[in-house]
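These are my notebook entries on one structure, written down in the order in which I looked things up.

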Amino acid sequence: MQKIGVFLSAREHLNECYVAAAREVGQWIGETGRTLVYGGSACGLMEVLAEAVKRGGGRVYGVVPQIIVQRGLESKHIDVAFPCNDLSDRKAILNRESDILIALPGGIGTLDELFTVLGEAAIGLPSAKTLVLYNVAGIWDNLLEMLQELHRRGFLRENYQDRLKVACSIAELETIVKEL
């Protein structure tokens, strides 16, 4: 598990607990000699994460849609850039280049990315990756409850959690990665 894909927000001015979590995950990736694979934006939690990876000594792969480049919002911390056309391309490349995927707090884009991963696992694609919800301040609690309710009502198979893990700390994240 050397290439860690991370889905997260590019929004600015978020609660400090989310900023600290992005920094902590980035530091862990960098200090353990791993490579970050992420959306390549110089904004919000994305930039905090990439900067922490670089400070920790890790490498950064940025999967950057053309519109981000056109707007001048590509991170300066990227070692290897994967240009792409749109968000669908970004998801496909990010999934392909990652050994495991982590969802930090994020919005619609992050939800789209994590549901794509869960959808691939649900239909049994051999390329499906494990997804870890990094549950900062309970950000994913309602989503997890919704998934449990869908399972209870028969919409999700018994094995829906095989590729879905939850971590609330770096120690839990490290344990999950070691067990895979």
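This is a predicted model: local features need pLDDT of at least 70, side-chain atom pairs count only at pLDDT 80 or more; totals for chains, interfaces and linings use all residues.

Entry 1, loop residues. I began with L125, which has its place in the loop between α5 and β6. Its relative accessibility is 34%, so L125 counts as partly exposed. I then looked up how L125 lies relative to L36, and found the two 89 residues apart in sequence and 23 Å apart in space, taken from C-alpha to C-alpha.

Next I turned to H13, which lies in the loop between β1 and α1, and noted that its phi is near 60°, a positive value in a residue other than glycine. With a relative accessible area of 82%, H13 is exposed. A137 gave me a second case of positive phi in a residue other than glycine, here near 50°. I located A137 in the loop between β6 and α6 (141–152), and at 62% relative accessibility it counts as exposed.

Entry 2, the sheet. I traced an open sheet of 7 strands with parallel pairing, and wrote down its order as β4-β3-β2-β1-β5-β6-β7. At the edges stand β4 (80–84) and β7 (164–167), and each has a single partner strand, so one side of each is left without a neighbour in the sheet. Ignoring direction, I find that neighbouring strands of this sheet are turned by 25° against each other on average.

Entry 3, strand β1 and its partners. How much of strand β1 (residues 3–7) is buried? I find 4 of its 5 residues buried, so the strand is largely enclosed by the rest of the structure. On one pairing, β1 meets strand β2 (residues 35–38) in the parallel sense over 3 bridges, and there K3 has T35 as its bridge partner. In another pairing, β1 and strand β5 (residues 100–103) run in the parallel sense over 4 bridges, with L101 in β5 as the bridge partner of G5.

I also checked strand β6 (residues 131–134), which pairs with β7 in the parallel sense over 4 bridges; here L131 stands opposite L164 in β7.

The largest pocket has a volume of about 400 Å³. Its lining is made up of 22 residues, and those closest to the centre are A10, M46, L87, R90 and G109. I asked which elements give two or more residues to this lining, and they are α3 (66–70), α4 (87–97) and α5 (108–122). The most comes from α5, with 5 residues. Sorted by class, the lining of the largest pocket divides into 10 nonpolar, 6 polar and 6 charged residues.

For the second largest pocket I noted about 270 Å³ of space. It is lined by 14 residues, of which L118, A121, A122, L156 and Y160 lie nearest its centre.

Technical notes:
Residues are numbered from 1 along each chain as its sequence is written. Side-chain values use heavy atoms; hydrogens and water are left out. On a 1 Å grid over the protein atoms alone, a cavity is a set of points where a 1.4 Å probe fits but cannot get out, and a pocket is an open set with protein on both sides within 12 Å along at least five of seven lines; lining residues have an atom within 4 Å of a point. Grid points are joined across faces, edges and corners, and a volume is the space filled by probe spheres set on the points. Ala, Val, Leu, Ile, Met, Phe, Trp, Tyr, Cys and Pro count as nonpolar, Asp, Glu, Lys and Arg as charged, and the others, Gly among them, as polar. Buried means under 20% relative accessible area, exposed over 50%, partly exposed in between (1.4 Å probe, protein chains only). Two strands pair if DSSP finds at least two bridges between them. Axes are lines fitted to C-alpha atoms, for helices over the stretch in contact, and angles run from 0 to 180 degrees between N-to-C directions.
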